[in-house]
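Subject: Structure handover

Hello,

Here is the structure for your records, with its sequence. My notes on what was found in it follow below.

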Amino acid sequence: MDEPLVARMRGFGETIFAEMTRLAVETDSINLGQGFPDTDGPPSLLAGAARRIEQGVNQYPPGPGRPELRAAVAADRAARYGLEYDPDSEVYVTVGATAGITAAVLGLVEPGDEVVVFEPVYDSYPAAIAMAGGVRRAVTLRPGPPDEGGRFVFDPDELRAAVGPRTRAIIVNSPHNPTGTVLTAEEFGVIADVCQEHDVIAITDEVYEHLTFDGVAHVPLATLPGMRERTLAVSSAGKTFSVTGWKTGWVMGPAALVRAVQTVNQFLTFTANGALQLAVADALRDEMDWVRAQRAALQRKRDRLSEGLRAAGFTVLRPQGTYFVMADIRPLGLTEGVELARTLPRTARVAAVPAQVFYDHPDEGRHLVRFAFCKRDEVLDEAVARLGALSPA
Ligand SMILES: *Cc1c(COP(=O)(O)O)cnc(C)c1O
């Protein structure tokens with residue numbers, strides 16, 4: 001048979017994550033390619049879900065999600081950011097942030113419409129845009145001087161040049177995977193101006209909203225003047241509560257945008273696990289101390305791995321949030337991140353992800369490799385010890 005896959009999805013075959021995971025298993029490597037924690041979420045959250053299942057919360061919940069979770073999400077947004085959403089018409093629960101973003105793109109983007117993203121780009125956005133028949137325009141985030149932390153920033157002129165009459169939407173991820181950049185109100189101001197000037201919808205991926213470091217605060221784009229009415233905000237319990245397998249997410253926005261998501265999503269997944277939704281609703285109220293402790297622990301893990309990467313000869317670009325740190329391999333005398341990521345499991349028994357795969361302009365990320373630090377300290381220490389063997393003479 002000829003290739004049965006539809007043309008628009010070719011090129012989205014085996015991901016680098018699958019390849020690196022297979023290599024990691026083959027070589028018994030520590031896998032710092034995968035972005036999930038190796039410890040569990042708060043005990044009350046786990047017990048809350050188990051209890052609900054035992055109590056019989058096992059049938060379809062309402063399509064838009066359990067009212068308890070929609071109310072908790074709305075209360076949380078109001079308390080932390082001063083953003084008011086009607087839990088009935090402006091909050092909608094999805095199977096993780098991924099389904100929310102994909103349903104949003106499918107519900108809002110016509111074939112041929114352009115969607116602006118920032119590269120390095122989270123891998124589900126290009127796939128969602130391709131499913132919708134949209135056209136992706138990537139604006140590059142580039143690292144600043146390493147001795148100032150190497151924070152990744154975009155050039156406002158490049159953003160303005162990427163937006164035009166065919167632009168329907170922009171997808172903004174902050175805190176940003178994989179660079180760790182937390183966009184400032186000023187940077188969001190540039191994005192907000194562009195959106196309003198060209199009547200563009202913003203889809204914001206805020207799954208790391210709680211995981212910021214060094215006192216840096218997450219800014220929701222919807223808090224900027226004129227933006228609430230054109231922003232669909234997406235978040236999720238997975239990263240906040242270290243339960244990435246739960247796939248419990250939500251979208252928040254004006255009713256018309258939420259309705260577009262709902263119209264698509266009711267035929268994709270219809271609804272999401274109800275027992276987990278009830279547990280997450282409780283945790284959003286009761287487990288914020290746990291989240292704060294988790295954020296502090298992650299910051300220490302960032303520092304622990306970064307120090308080890310520096311000692312091994314990498315230039316480390318300090319992330320302000322997320323699970324990831326980007327490292328520049330050129331001080332090791334290397335230029336090809338893909339090559340290093342393919343050999344690292346054999347030479348050091350550590351797996352990482354080459355950043356190049358997250359770029360439409362591959363030269364921009366050729367020399368960068370992404371490491372996850374959301375792992376137990378002893379795992380990070382062992383990875384650092386193994387990487388130490390790479391040290392240039
Ligand atoms: C992990 C991740 C997601 C996926 O969230 P789910 O709730 O598991 O679907 C979405 N966006 C980014 C940037 C992520 O890192």
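Pro178 lies in the loop between E6 and H7. Helices (H or I, at least four residues) and strands (E, at least two) are DSSP runs, numbered from the N terminus. This is a predicted model, in which local features need pLDDT of at least 70 and side-chain atom pairs count only at pLDDT 80 or more, while totals for chains, interfaces and linings use all residues. Residues are numbered from 1 along each chain as its sequence is written, and side-chain values use heavy atoms, with hydrogens and water left out.

A cis peptide bond joins Pro178 to Asn177, with omega about 10 degrees. Pro175 is also found in the loop between strand E6 (167–173) and helix H7 (185–197). The bond between Ser174 and Pro175 is cis, with omega about -10 degrees. Asp199 is found in the loop between H7 and strand E7 (201–205). Its phi is near 55 degrees, a positive value in a residue other than glycine.

**The ligand**

Which residues surround the ligand? They are Gly96, Ala97, Thr98, Tyr122, Asn173, Asn177, Asp205, Val207, Tyr208, Ser236, Lys239 and Lys247; a residue counts as near if one of its heavy atoms lies within 4 Å of the molecule. By class, this shell has 4 nonpolar, 5 polar and 3 charged residues. Here Ala, Val, Leu, Ile, Met, Phe, Trp, Tyr, Cys and Pro count as nonpolar, Asp, Glu, Lys and Arg as charged, and the others, Gly among them, as polar. Helix H4 (residues 96–108) gives the most to the shell, with 3 residues.

Asn177, already named for its cis bond to Pro178, has a polar side-chain atom 3.0 Å from an oxygen atom of the ligand. For Tyr208, a polar side-chain atom lies 2.7 Å from a ligand oxygen atom. Lys247 likewise places a polar side-chain atom 2.7 Å from an oxygen atom of the ligand. On its own the ligand has 390 Å² of accessible area, and the protein covers 94% of it (Shrake-Rupley method with a 1.4 Å probe).

**The pockets**

The ligand sits in the largest pocket, meaning that more than half of its atoms lie within 2 Å of the pocket's grid points. A pocket is found on a 1 Å grid over the protein atoms alone, as an open set of points where a 1.4 Å probe fits, with protein on both sides within 12 Å along at least five of seven lines; lining residues have an atom within 4 Å of a point.

About 620 Å³ of space lies in the largest pocket; a volume is the space filled by probe spheres set on the points, which are joined across faces, edges and corners. Of its 26 lining residues, Gly35, Thr98, Tyr122, Lys239 and Lys247 lie nearest the centre. H4, helix H5 (124–132) and helix H8 (237–240) are the elements that give two or more residues to this lining. H4 gives the most, with 4 residues. The lining divides into 9 nonpolar, 12 polar and 5 charged residues.

The second largest pocket has a volume of about 470 Å³. It is lined by 19 residues, of which Gly11, Phe12, Thr15, Asp123 and Val357 lie nearest its centre. Helix H1 (16–26) and H5 are the elements that give two or more residues to its lining. The largest share, 3 residues, comes from H5. By class, this lining has 10 nonpolar, 5 polar and 4 charged residues.

Regards

Note on methods. Polar contact = N/O pair within 3.5 Å; in protein donor to acceptor, adjacent residues only side chain to side chain.
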